[in-house]
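Trainee: I'd like to learn how to read the fold in this model. Where do we start?

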Amino acid sequence: MPSAANNVADFFLFAQPRDRRAIVTDRATWSYGQVADLTFLYMAQLRRAGIQPGHRVPMVLGDGPDFAAVLFAIVAVGGVAVMINPELRTDHLTTILEQADPPVAMVRDRMLPEVESTIPSSTTIIEVGETSSPPDAQPAVPAAAVSDRDPALWLFSGGTTGAPKIVVQAHGSFINTTKKYAHETLGYQPDDLTIAVPRLFFGYATGSGLFFPFSVGAATVLFDEPPTPAELLKRIRRHRPTILVTTPSAINALLQDVGATGTDLASVRFATSAGEALPETLYHRWKERFGVELLDGLGTAEMWHIFVTNTVGDVRPGTVGRPVPGFEVECRDEQGTRLGLNEVGLLWVRGDSEALGYFGQPELTAQVFRDGWVVTGDLVSIDAEGYVSHRGRADDALKVKGKWLRPQEVESCLLEHSAVREAAVVGIPDKAGLVKPVAFVVRSSAVDESELKQHVLDRLEPYKHPRRIVFLDEFPVTHLGKIDRGALRRQLEG
């Protein structure tokens with residue numbers, strides 16, 4: 001039954017006490033009432049532009065109160081928010097926007113030159129300036145009545161090997177995962193203050209850094225500057241957040257940053273890691289340096305957010321933890337047959353956060369969404385206690401000399417060397433067509449190829465050592481900030 005209570009805007013924003021602190025920026029502190037008032041202004045703007053329920057509205061905005069208000073305004077009027085990364089490749093962005101066929105696009109004024117050429121000529125562009133201070137009180141406007149399976153947001157797969165897939169997610173998915181993961185599993189509290197490294201257009205951050213704190217009347221720190229270690233630490237010292245939302249790449253950067261030495265993270269109750277595999281080496285280095293519990297988890301755009309996680313008091317390093325209550329996971333082979341304990345296979349998951357499917361791709365939708373299950377592209381194993389070990393992406397895993405090789409295992413080994421800042425391993429066919437592991441490394445100090453090869457040979461089985469090591473100044477990344485392994489392969493194949 002359609003109801004305003006099913007609407008994401010009502011659940012996360014309008015239902016919260018107006019006087020509670022909601023958003024903290026470098027310039028001001030915003031209450032829920034003030035965020036709602038800004039949302040009402042954008043709702044009026046969207047309605048004047050002719051937005052109707054079901055219309056897709058791209059938003060190209062930096063993190064801040066305007067991002068939150070525009071997002072809530074779009075879904076509040078029944079529209080579908082399309083959160084765009086302005087750094088997405090031009091051809092990919094053009095394809096997404098053409099498929100969205102939007103009547104209106106909401107674009108930060110300073111970002112318009114970067115994306116204007118990709119926006120269809122039939123689309124009206126509304127430039128959004130930065131609202132530096134809260135607006136005056138506005139008349140309240142109710143959210144549109146929707147069902148829990150009405151579309152709310154377009155999300156995008158990681159795109160590590162090609163164009164990102166468009167995942168259509170419904171209002172009910174966001175509410176379900178929030179209750180199961182944020183409330184029941186992690187225990188977000190009204191007095192929490194979150195701060196996130198990934199930007200809000202990334203579904204992981206949309207949840208952990210906006211929806212989750214808002215759902216309990218807590219607050220979030222938002223900033224538009226690039227989330228470098230210096231910018232992050234400056235705000236941690238200033239605002240004293242209780243929850244840190246981060247990624248393995250950001251964790252590694254913090255550990256490498258000399259400015260982070262001696263940093264006090266005592267205010268942080270726990271940190272979460274997701275978006276890519278967390279090497280066990282990084283977990284132990286993080287704990288030794290900062291003493292803050294780091295909760296690695298696994299989620300997909302097809303289920304919106306994290307559905308397997310470590311929890312405070314129950315962390316198994318080297319695993320992504322156990323299923324979140326309300327979600328069921330299995331490990332199956334390519335034919336869909338359930339595998340035994342500790343066997344490696346594809347991860348199947350089901351729960352009430354399943355997406356509606358892939359936009360414009362019915363065959364792929366039928367392949368991935370099967371009888372209530374989502375067949376992910378992740379390789380995992382599950383032990384007798386239910387802990388899930390992530391064994392890499394199916395399209396990244398290598399078979400070398402007839403044996404499975406998990407790139408993350410080799411990457412973690414390389415990161416143990418003091419001269420290695422970042423590492424990524426991909427499979428490249430040799431002249432005979434046999435796949436061999438090749439490592440890409442960003443150095444923090446001088447080291448040569450032979451030393452790193454020997455470092456791996458001394459610690460892992462011989463077939464796992466990289467046959468070649470390529471040194472880079474920095475890694476190419478996808479629109480979600482993950483290492484672009486497809487680009488690394490193309491670099492060698494070219």
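Mentor: Start with one pair of residues. Val24 stands opposite Val221 in strand E10. Two bridges join strand E1 (residues 21-24) to E10 (residues 219-221), and the two run parallel. Strands (E, at least two residues) and helices (H or I, at least four) are DSSP runs, numbered from the N terminus.

Trainee: What should I know about the model itself?

Mentor: This is a predicted model: local features need pLDDT of at least 70, side-chain atom pairs count only at pLDDT 80 or more, and totals for chains, interfaces and linings use all residues. Residues are numbered from 1 along each chain as its sequence is written, and side-chain values use heavy atoms, leaving out hydrogens and water.

Trainee: How do I read a sheet, and what is the strand order here?

Mentor: Strands of a sheet pair through backbone hydrogen bonds, either parallel or antiparallel. Two strands count as paired if DSSP finds at least two bridges between them. Here, nine strands form an open sheet with mixed pairing, in the order E2-E1-E10-E9-E11-E12-E13-E14-E15. E2 (29-31) and E15 (322-323) are the edge strands; each has a single partner, so one side of each lacks a neighbour in the sheet.

Trainee: Which helix packs on the sheet at E1 and E2?

Mentor: Helix H2 (residues 32-48) does, touching both strands. Contact means heavy atoms within 4.5 Å. The direction of H2 makes about 80° with that of E2. Axes are lines fitted to C-alpha atoms, for helices over the stretch in contact; angles run from 0 to 180 degrees between N-to-C directions.

Trainee: Are the faces of strand E12 covered or open?

Mentor: Both are covered. Phe270 and Thr272 on one side, and Ala271 and Ser273 on the other, are all buried. Buried means under 20% relative accessible area, exposed over 50%, partly exposed in between (1.4 Å probe, protein chains only). E12 also has strands beside it. E11 (residues 243-246) pairs with E12 in the parallel sense over four bridges, with Ile243 and Phe270 as bridge partners. E13 (residues 294-299) runs parallel to E12 and is joined to it by three bridges; there, Ser273 stands opposite Asp296.

Trainee: How many residues are in the largest nonpolar core?

Mentor: First, the term: such a core is a set of buried Ala, Val, Leu, Ile, Met, Phe, Trp, Tyr and Cys residues joined through side-chain atoms within 4.5 Å. The largest has 89 residues, and Phe211 and Phe214 make the most contacts inside it. Helix H3 (residues 65-76) gives the largest share, ten residues. Another core, of 44 residues, lies apart from it and includes Val24 and Val221.

Trainee: Which ring cluster holds Phe211 and Phe214?

Mentor: Rings of Phe, Tyr and Trp (its six-membered ring) pair if their centres lie within 6.5 Å. The structure holds 18 aromatic pairs. Ring pairs link Phe211 and Phe214 into a cluster whose members include Phe12, Tyr32, Phe72 and Trp304. Phe214 also touches residues including Leu13, Ala22 and Val35.

Trainee: Which charged residue lies over Phe471?

Mentor: The test is NZ of Lys or CZ of Arg within 6 Å of the ring centre and within 35 degrees of the ring normal. Arg443 lies over the face of Phe471, 3.7 Å from the ring centre. Phe471 is also in contact with Val447. Val447 sits in the loop between strand E25 (435-443) and helix H13 (449-457), and at 8% relative accessibility it counts as buried.

Key
Phe/Tyr/Trp six-rings, centres within 6.5 Å; stacked < 30°, edge-to-face > 60°. Lists of a residue's contacts leave out its neighbours within four places in sequence.
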